[in-house]
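Subject: Handing over the structure, with notes

Dear colleague,

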Amino acid sequence: MFKFLNPSRIYLITSKAPKYIMPLFIVVFSIGLVEALILSPEDYKQSHSVRIMYVHVPAAWITLGIFSSITILSLSGYIFKNKNFFIIAKSLAPSGLVFNIIALVTGSIWGKPTWGTWWAWDARITSMLILVLFYLMFLLAWRIYEDKEEVFKITTIITIFGIINVPIIKYSVDWWNTLHQPASINILSKSSIHSSMLLPLIIMTAAFALFSLLIFLMKYNTELIKIKNKGLDRL
Amino acid sequence: MINDFLYMNGYGSYVWSSFAFTFFSFSVLYIIIKIQYIKERNKFISKFGALNSEKAQVARNQNINKEILSRSQSI
């Protein structure tokens with residue numbers, strides 16, 4: 001059913017792709033930095049500290065997107081008995097974890113001038129911290145368990161429990177009284193952010209997405225070579 | 001002007017440290033993943049070199065193996 005997901009075929013594409021993604025990332029990231037640090041206006045209330053948004057928000061969006069993708073891939077791998085879905089999920093996890101840490105650390109730095117504290121056990125921040133733990137559990141499971149069938153089962157269970165946390169992160173600012181502000185950007189309704197700030201945010205999100213794609217491809221290629229190394233042992 | 005840009009109305013340390021942390025995280029992640037890739041590829045090349053001619057011929061028939069060997073310089 002998933003013949004197009006044959007690792008040998010995929011490798012022909014994924015081995016060449018990073019050399020095109022890397023320069024594209026550098027260009028988009030450079031434009032994003034100029035927009036975020038120089039061209040975008042300061043906020044009337046938060047002044048220049050609003051610029052932290054251009055790294056904090058894309059990192060948070062991408063980590064949530066990656067965790068959702070990992071869950072879908074793990075479940076698909078389990079349902080369709082396709083090992084390649086698990087390898088893709090495993091290759092996505094490192095960048096998801098790093099983006100999660102970036103979102104937490106930059107959020108903490110932004111919290112100091114805005115709320116007067118580096119950390120608060122607020123619903124949004126705490127649920128993001130819980131997501132880091134799920135990423136760590138997912139990655140540790142791959143390191144701890146030798147048996148492939150066992151690791152597929154355990155990582156799928158981790159993602160099923162972890163995905164419950166994703167809507168909690170998204171709606172925590174609506175469900176509870178939190179220090180964290182509600183979403184300024186809505187896909188279905190009008191966004192409350194000005195276009196002069198939305199443009200750098202979109203460019204930085206594109207740059208972060210390209211970086212996670214680059215890391216994913218490099219990690220995925222490594223995983224495929226690892227499999228081929230085992231194949232050579234069996235010859 | 002440069003000082004104003006760096007100072008950012010007193011928020012410079014927060015803004016610059018956020019961007020610096022992001023850049024640092026990107027660099028560390030990239031280097032770790034790249035090292036893992038190079039290690040695994042070198043392992044493959046040395047294992048491939050240790051095969052006898054018959055086994056090497058079997059391995060060479062697989063496109064993916066040829067591709068890994070041909071990409072010894074780039075990622």
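This is a predicted model: local features need pLDDT of at least 70, side-chain atom pairs count only at pLDDT 80 or more; totals for chains, interfaces and linings use all residues.

Residues are numbered from 1 along each chain as its sequence is written, chains are lettered from A and ligands numbered from 1 in the order in which they are written, and side-chain values use heavy atoms, with hydrogens and water left out.

Helix H5 of chain A

Helices here are DSSP runs of H or I with at least four residues, numbered from the N terminus, and strands are runs of E with at least two. At the start of H5(A), a side-chain oxygen of A:Asp122 comes to within 2.9 Å of the backbone nitrogen of A:Arg124.

The buried residues of H5(A) include A:Arg124, A:Met128, A:Leu131, A:Tyr135, A:Phe138 and A:Trp142, where buried means under 20% relative accessible area, exposed means over 50%, and partly exposed lies in between, with a 1.4 Å probe and protein chains only. An α-helix has 3.6 residues a turn, so residues three or four places apart point the same way. The buried residues of H5(A) pack against helices H3 (53–80), H4 (83–115) and H6 (148–175) of chain A.

Grid points are joined across faces, edges and corners, and a volume is the space filled by probe spheres set on the points.

The largest pocket has a volume of about 1300 Å³, and of the 44 residues that line it, A:Val57, A:Arg124, A:His180, A:Ala183 and A:Ser184 lie nearest its centre. Two or more lining residues come from each of H3, H4, H5, H6 and helix H7 (195–234) of chain A, and the largest share, 8 residues, comes from H4(A). This lining divides into 28 nonpolar, 12 polar and 4 charged residues, where Ala, Val, Leu, Ile, Met, Phe, Trp, Tyr, Cys and Pro count as nonpolar, Asp, Glu, Lys and Arg as charged, and the others, Gly among them, as polar.

The second largest pocket holds about 1000 Å³ of space, and the closest to its centre among its 32 lining residues are A:Lys90, A:Arg143, A:Lys219, A:Glu223 and A:Lys226. Its lining draws at least two residues from each of H4, H5, H6 and H7 of chain A and from helix H2 (12–49) of chain B, with H2(B) giving the most, 9 residues. The residues of this second lining divide into 17 nonpolar, 3 polar and 12 charged.

Single residues

A:His56 sits in helix H3 of chain A and counts as buried at 11% relative accessibility. Leaving aside neighbours within four places in sequence, A:His56 is in contact (heavy atoms within 4.5 Å) with A:Ala103, A:Thr106, A:Gly107, A:Trp110 and A:His180. Its side chain also makes a polar contact of 3.3 Å with the side chain of A:Thr106, a polar contact being a pair of N or O atoms within 3.5 Å of which, within protein, one must be able to donate a hydrogen and the other to accept it, and residues adjacent in sequence count only if both atoms are side-chain atoms.

A:Thr222, in helix H7 of chain A, is buried with a relative accessible area of 2%; beyond its neighbours within four places in sequence, A:Thr222 is in contact with B:Ile33, B:Gln36, B:Tyr37 and B:Glu40.

Finally, A:Lys81 lies in the loop between H3 and H4 of chain A, and its phi is near 55 degrees, a positive value in a residue other than glycine.

With best wishes

Methods. On a 1 Å grid over the protein atoms alone, a cavity is a set of points where a 1.4 Å probe fits but cannot get out, and a pocket is an open set with protein on both sides within 12 Å along at least five of seven lines; lining residues have an atom within 4 Å of a point.
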